[in-house]
Structures are given as C-alpha cells and as structure tokens.
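My entries follow in the order in which I took them.

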Amino acid sequence: MSDQYHLETLAVRAGTLTTEFGENSEALFLNSSFRFKNAAQAAARFGGTEPGNIYSRFTNPTVTMFQDKLAALEGAEQCVATASGMAAILACIMGICSAGDHVVASRSVFGTTVQLFSNILKRWGLEVTLVSLTDVDAWKAAVKPNTKLFFAETPSNPLTEVGDIAKLAEVAHAGGAYLAIDNCFCTPALQQPLKLGADIVIHSATKYIDGQGRVLGGAVLGNKTLMEPVYGFLRTAGVTMSAFNAWVFVKGMETLQIRMEAHAQRALAIAQWLEQQPRVARVYYPGLPSHPQYALAQQQQRLGGGIVTFEVKPRSGQSAQESAWELIDATKLISITANLGDAKSTITHPATTTHSRVTAEARAEAGIKDNLVRIAVGLEHVEDLKADLQLLSQLL
C-alpha cells in the first residue's frame, strides 16, 4: 500500500488480502498446508521461483497480512513474524550472527534478553558486551573487529532510559555493524527507528501491538537482504506465529495509534501526579522534563509512551523491597502482573519479577533498585488509577 497514507490509515488498511468472497474483515486461515494445482507448481513453490503459500510453519495468508501491515507502519521492506518477542530476538541473532561474532548490547534491556545473550547464546560462541544505553562513547569503545550487531531497547525496560538511535546507528555503521532496536515500548505509532538510522526493528507484539493481553507474538523487520537469513532461520527452526494470533494482532493494529495516544496521555498525567506524592522518591517517564533524556525523547518519540516507573520511599523500619511490595499489595484495581501493553493497567516489582534472574550486581549497574515499581498505564480513568495508588499520598 502506498506510503502516501497516514499511519492511522495504514493501520486500518495496509496488508489486507481479500478472498473471492469479498469479506471486509481479514480472513483467518487456520489450515496447516496448502494444495497445489500440479507437481510443477509444488516444485516451483518449494524452489522459490513462484510466490505462494506452502506450509503454515513459514507461509500463511493471515500471518502475511500481519507482516505486511506492521512493515507498512514501520516503513520496513519486510517483516518476519515469530511466536513471541523473545523468539523474534532469537531469530534476529541466529539469522544475522554466527559463532565468533560480537554483539554490543545495552545493559538496560529486558531481563530475559540478558539471559538469552549472556547464558544461552554465549554457549554457542556469541561474544556479548553490555554497555550503558545512554553512553554513546561506551558503545564506540566496545566495538571490536568481529562486532556484528548493536542491540538496544529505547525506551528501556524498566527505567525508560532513552538511547540516541541516530548516534548509535552512526557508531554501529562506522564499525561495520548493524543496529537493532527493540521498539516494544513505543511501537511505530510513537517511534520509527528505521527512519532514524536503525537497520532492524524488533517487536514483542504481545504487548501494545495486540493491546489487550490476549496472545503471544513477535516480529523482526528490516530490508529484504537482512531479513532473508532471519526468515531462513524461522522456516527451518519453526519459531512461528500462529495464524490465529496473527489475526488478533491484525485487528489490534487497527486501533494502535489512538490507543498509544491514550496510553501516553494517561501515563503523563500519572507521572506528573507521582512527582507530587510524599512517598515517591523519583519518577522515570520520558515525557517529564525531569527525565535525563527528556530533550532526546522529544526529538525521536512522538509521545512519552505508557510506562511509568518510580521509587517508593520506605516507611520507618521498612526495607526497600517491603515498601514496594506494600504499595503493590494495596492496589485493588491495577492488575499485579509483569505483562504490559494491556488496556488494563498493570503493576510489577522488576527486581523480583522481570529482572529476578539477573544478578544483583547487574541489577545495580542497570539502576534497578529494590524499591522500584513499574506501572504500565492502561486505558482506565486517571482519577481511578490515582485512587488505587493512594498509599503514596500518605505521609511517612
């Protein structure tokens, strides 16, 4: 679909395939395989000389609609859909890198991503160096002759640090490496990394792409040359997005722009309110002037996003963790779960959930304290969310 259309229009219209029945809503193809007219066509499909569906492990019309729609939103030539966000990261690394290659990654990434890099992929001969997301000089200093890939989340999980995508791209390319950006927190509705110089975009579609906490999925996006080996890995390894999940994501993307604007509007209001509460020591939100990378966020993000993180002041005699858990346990409306991107607001304690398998030393380096709480602000009324967090208004 032509890129002359605005993002909202692409979210509704791009990637849609219509069968002979003329349906106005995307069809759901739950079949595992596809029939061929004859043996010659089967050979042509398998040989790649004729486009078309073969087997739903790697070709499915509903998954294709998801891929084409998300590619249109990100401004990418190709999208490879995967079973989950972590499967997307794995497919990216396995497709782009080889044993002996070096990856420079932000230490401010999702805890499971750290585990994938530092434990699993390290055993298979991948060398990984973790650096500060915001220190461009540290990225430059980490480059080696065998550096193949830079990997970063921006904003980061959970502290919403913002990395300078354009500068990281310059450093990566000068060192002969590619830059991959996890765009989970912003989605293309708020940030388009490829237009800022990134080579690859990663998504956990499970989050905001769906928007209602229903299904798992991921995606890797970039130009066709880079995506060819990623697709090759998926075709062989089978880290495949199901057709049903793809259909859910396709419908979710239709409202992506208006949802992300609503999430960001509410998150900003909550962040501003949190800064005024007596039991809040510090608030992390890219839309606040107090955020260390506020100016950068204003340049490369359309809005601040839906994630607000803050530190709770302990009461007398309380440990840092106890203060955070007390607040979480006192909530009645907000869901206690580590997921994010849902219409329902969620609250979690990163140190003992999303980053619990990361060493205490690594958490300290990443700034993840025991009194840190993350809220993924949903679509409820702001005043109801404030009331659910009323414990923060009480004097110490």
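Predicted model: local features only at pLDDT ≥ 70, side-chain atom pairs only at ≥ 80, totals over all residues.

**Entry 1: aromatic pairs.** I asked how many aromatic pairs the structure holds. The answer is five. I describe each pair I looked up by two values, since a pair of aromatic rings is described by the distance of the centres and the angle of the planes.

I took Phe66 and Phe249 to begin with. Their ring centres are 5.5 Å apart and the planes stand at 45 degrees, so I logged the pair as tilted. Angles under 30 degrees would have made a pair stacked, and angles over 60 edge-to-face. I then checked where the two residues sit. Phe66 is in helix α3, residues 61–74, and Phe249 is in helix α10, residues 243–253.

I went on to Trp139 and Phe150. The centres of these rings are 5.1 Å apart and the planes are at 45 degrees, so this pair is tilted. Trp139 belongs to helix α6, residues 136–142, while Phe150 belongs to strand β4, residues 147–153, so the pair ties together parts 11 residues apart in sequence. I noted both Trp139 and Phe150 as buried.

Entry 2: I turned to the backbone here. Most residues other than glycine have a negative phi, and most peptide bonds are trans. I looked for exceptions.

Pro155 is in the loop between β4 and α7, the latter spanning 165–174. The bond from Asn157 to Pro158 is cis as well, with omega near 10 degrees, and Pro158 lies in that loop between β4 and α7.

Thr160 is in the loop between β4 and α7 too. I read its phi as near 55 degrees, a positive value in a residue other than glycine. Thr160 has a relative accessible area of 1%, so I logged Thr160 as buried.

**Entry 3: Thr187.** I found another positive phi at Thr187, near 65 degrees, again in a residue other than glycine. Thr187 lies in helix α8, residues 187–190. Why do I call Thr187 buried? Because its relative accessible area is 1%, and the cut-off is under 20%.

Conventions: Residues numbered from 1 in each chain as written. Heavy atoms only, no water. Phe/Tyr/Trp six-rings, centres within 6.5 Å; stacked < 30°, edge-to-face > 60°. Helix = DSSP H or I, 4+ residues; strand = E, 2+ residues; numbered from the N terminus. Buried < 20%, exposed > 50% of the residue type's maximum accessible area, 1.4 Å probe, protein only.
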